[in-house]
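Please look over the sequence and the model shown here before reading on. The report that follows goes through selected parts of the fold in turn.

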Amino acid sequence: MNKIGKRAILSLMALPLIINAMAQELKKPTLEDVISGGETYRYAENLYGLQWWGDKCVKPGIDSLFCVDPKTGKETLLTTREHINQALAQAGLPKLSHLYNVQLPFADKTEMLLPQNRYAVYNWETGEVSRRDDLPKEPAGNYDYHAQSRNLAYTVGNNLYVNGKRITDEPDGVVCGQTVHRNEFGIYKGTFWSPKGNLLAFYRMDERMVTQYPLVDITARVGELNNIRYPMAGMTSHQVKVGVYNTETGKCVYLNAGDPTDRYFTNISWAPDEKTLYLIELNRDQNHAKLCQYDALTGEPMATLYEEEHPKYVEPMQPIIFLPWDDSKFIYQSQRDGYNHLYLFDTKAKAASETLETANGGTCRQYVKVTQLTKGNWLVQEILGFNAKKKEVVFAAIEGLKNGYLTVNVNNGKMSRPFEECTESARYGRLNASGTYLIDTYSTKNEARNIDIVDTKNFKSSVSLLKAKNPYEGLEMPLIETGTIKAADGTTDLHYRLTKPADFDASKKYPVIVYVYGGPHAQCVTGGWLNGLRGWDIYMASKGYIMFTVDGRGSSNRGLTFENVTFRHLGVEECKDQAEGIAFLKTLPYIDTNRIGVHGWSFGGHMTTALMLRYPEIFKVGVAGGPVIDWKYYEVMYGERYMDTPQANPEGYKESNLNNLAGRLKGHLLMIHGDHDGTCVPQHTLSFMKACIDVRTYPDMFLYPGHEHGVAGRDNVHLHHKITQYFEDNL
């Protein structure tokens, strides 16, 4: 054999060794890699500050601001950080370190807003800067800027200010201009500018009658008391009013909504002419919602346009949105047919107020003409905006793992495509002013993040702005499978995610950790990146565990029947569905059924504890974070919606109270709580520890001093190390 032949054979013999070496280069993930707060935390690339300037896409960077043509992708430089900083220096303002926070709310002007720099406005054509001199010296928050009028509202302490003028003067215990009703019903702010910015609607919340809950700050040498207003289920709640401030007259009126006791006011919106204000009023039982219209100048009620009742609950989450081309019509969102859909209201066409039947035993009464625009066994996720030229509503839709964008014509109800053409993904869209293009930020199981400009004619990408690299490149990654199993009712499909170690061997037996949330407004198994897999799941799979998650009934994005089956007995039906997940796992030959653990936080903490107690023969180890233990210790709005009051539903509260099951604990259970948790107050965990002591069972407990409902920052890595170690020691 010649020398060349010998070399070829030697090269071929060495090939497996080279491939082996490449495989060995994959690094096992660490908690620092996969947990936020970690020193080497890996996350998908993003384009920060991406936004529309009217119909033009603007892409900020560190040093430059570019305009992107949505048809061609051609980039044009608008300005640079150097030019902006020169102008800021001349105006006596601090320089910018990057351009990611600039805003372009002025569609017809070459101006940008610098909200973190005294709300200065910079004109990149003239190079001029106009700064605000009416900002407070005291710490302020809840800033709300109106671009057209350039009016600015904010709060200092518990009072509301507009353009430097204090417009409320309230005593301690009364809060103005901030969120109310503990951020339920879609509430995320406390001020609402009228279309032209002449009037400001705002919340006023009187909490003086609400019981104070004591939290203790242990960082002081002598622990200091920190009282928070926390209305527990069945107890006296706060009272809310809605005010309207007139920037021209300086006067303020409050809506005459009658006695605010035990009522909720949500989804505030303005009529285009600024003469009237709309909101949804909800009774304390949260089973009767009314869409009401008020005179914005006098505060007097004008009309009730719609009412909706349900034997379980009504859950209004979105304000009405008027059609930009017709001031007499608006879009209302409702689950009245069993799924969240769009309804067109015509305020000029009065209707007979007969009672109509709705899904699952509900009823509604409509006092104006109402047309259902969308329909199907899927949900409208969000209205993105309108295409006024085509008379279309552009919106995002979802059901289970499938997600996508659609349009509906308000004149004929024609949809751009059926929902069934949507794909498994997770998406967030931002529409331009004319409704012709949207910025589509999305992920799929195999793509961490893509950002495209999409043409709303066909929702196909016209420009690719970003294709993020795999943030876990170079790490050993687990194997992910998804599928469906039947719920405990024997008919409903549930989505699950099964995660196996990278070196999975079907001939071996593996321990399992179930990660669970299980409550309303959450979905753990998605169509997005890694099917929603968490960083800790990746880490535990690398340590030889199989990770399993199933979204049982009661969780989100599956429709009203799926969600409200848990009404009045939270944590009971949900546990039955998790047990069906375990039954499925037991059919797999590689599952070690003697080593099954469970972990979850908040509602998932309740579920973790409940599963350990209701199925002690199945679950050997559990770690419950920030758990609800007894629902009578939880707050009014959420607790009473899903459980009613303890007075009205004593059996349900007794059934769901995990203190009553403390004697059933057999396995190892670690309870973790932040000592400043104002969402699930520490009383939950402490009462459970007392109940276990009384019946001689032996859980473990760990507190995070100074932390609230979650453990954030660097301590998040410590938390996940603690959780991991508990499973390592006991499972």
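## An open antiparallel sheet

Strand β1 and strand β2 (residues 56-60) run antiparallel and are joined by three bridges, where strands (E, at least two residues) and helices (H or I, at least four residues) are DSSP runs numbered from the N terminus. Within this pairing, Trp52 stands opposite Cys57 in β2. The model is a predicted one, in which local features need pLDDT of at least 70 and side-chain atom pairs count only at pLDDT 80 or more, while totals for chains, interfaces and linings use all residues. Residues are numbered from 1 along each chain as its sequence is written, and side-chain values use heavy atoms, with hydrogens and water left out.

The two strands belong to an open sheet of four, ordered β1-β2-β3-β4 with antiparallel pairing, two strands being paired if DSSP finds at least two bridges between them. Because β1 (51-53) and β4 (75-80) stand at the edges with a single partner strand each, one side of each is left without a neighbour in the sheet. On average, neighbouring strands of this sheet are turned by 35 degrees against each other, direction ignored, the axes being lines fitted to C-alpha atoms.

## A parallel pair with a helix between

Strand β43 (residues 668-674) runs parallel to strand β44 (residues 700-704), and five bridges join them. Ile672 has Phe702 in β44 as its bridge partner. Together with helix α10 (residues 683-695), β43 and β44 make a right-handed β-α-β unit; right-handed here means that, with the strands pointing away from the viewer, the path from the first strand over the helix to the second runs clockwise.

## Enclosed helices

Ten of the 13 residues of helix α6 are buried, so this helix is largely enclosed by the rest of the structure; buried means under 20% relative accessible area, exposed over 50%, and partly exposed in between, with a 1.4 Å probe and protein chains only. Among the buried residues of α6 are Glu573, Asp577, Ile582 and Phe584, and what covers the buried residues includes β37 (479-486), β38 (493-500) and α7, contact being heavy atoms within 4.5 Å. The end C-alpha atoms of α6 (residues 573-585) are 19 Å apart, which agrees with the 18 Å that its 13 residues should span at 1.5 Å a residue, an expected span being 1.5 Å times one less than the number of residues.

Helix α4 (residues 535-542) is likewise largely enclosed by the rest of the structure, because eight of its eight residues are buried. The cover of its buried residues includes α2 (31-34) and α11 (715-730). After α4 comes Gly544, with a positive phi near 100 degrees.

## The nonpolar core

The largest nonpolar core has 66 residues, and those with the most contacts inside it include Leu498, Phe548 and Trp631; such a core is a set of buried Ala, Val, Leu, Ile, Met, Phe, Trp, Tyr and Cys residues joined through side-chain atoms within 4.5 Å. Helix α7 (residues 603-614) gives the most to this core, with six residues. Not counting residues up to four places away in sequence, Phe548 touches, among others, Leu498, Val514 and Leu585.

## Two loop residues with positive phi

Most residues other than glycine have a negative phi. Asp262, however, has a positive phi near 55 degrees; it lies in the loop between β18 (252-254) and β19 (263-270) and counts as partly exposed at 34% relative accessibility. Phe459 also has a positive phi, near 55 degrees, and is found in the loop between β35 (447-455) and β36 (460-467), but Phe459 counts as buried at 13% relative accessibility.

Terms used
Axes fitted to C-alpha atoms, helices over the stretch in contact; angles between N-to-C directions.
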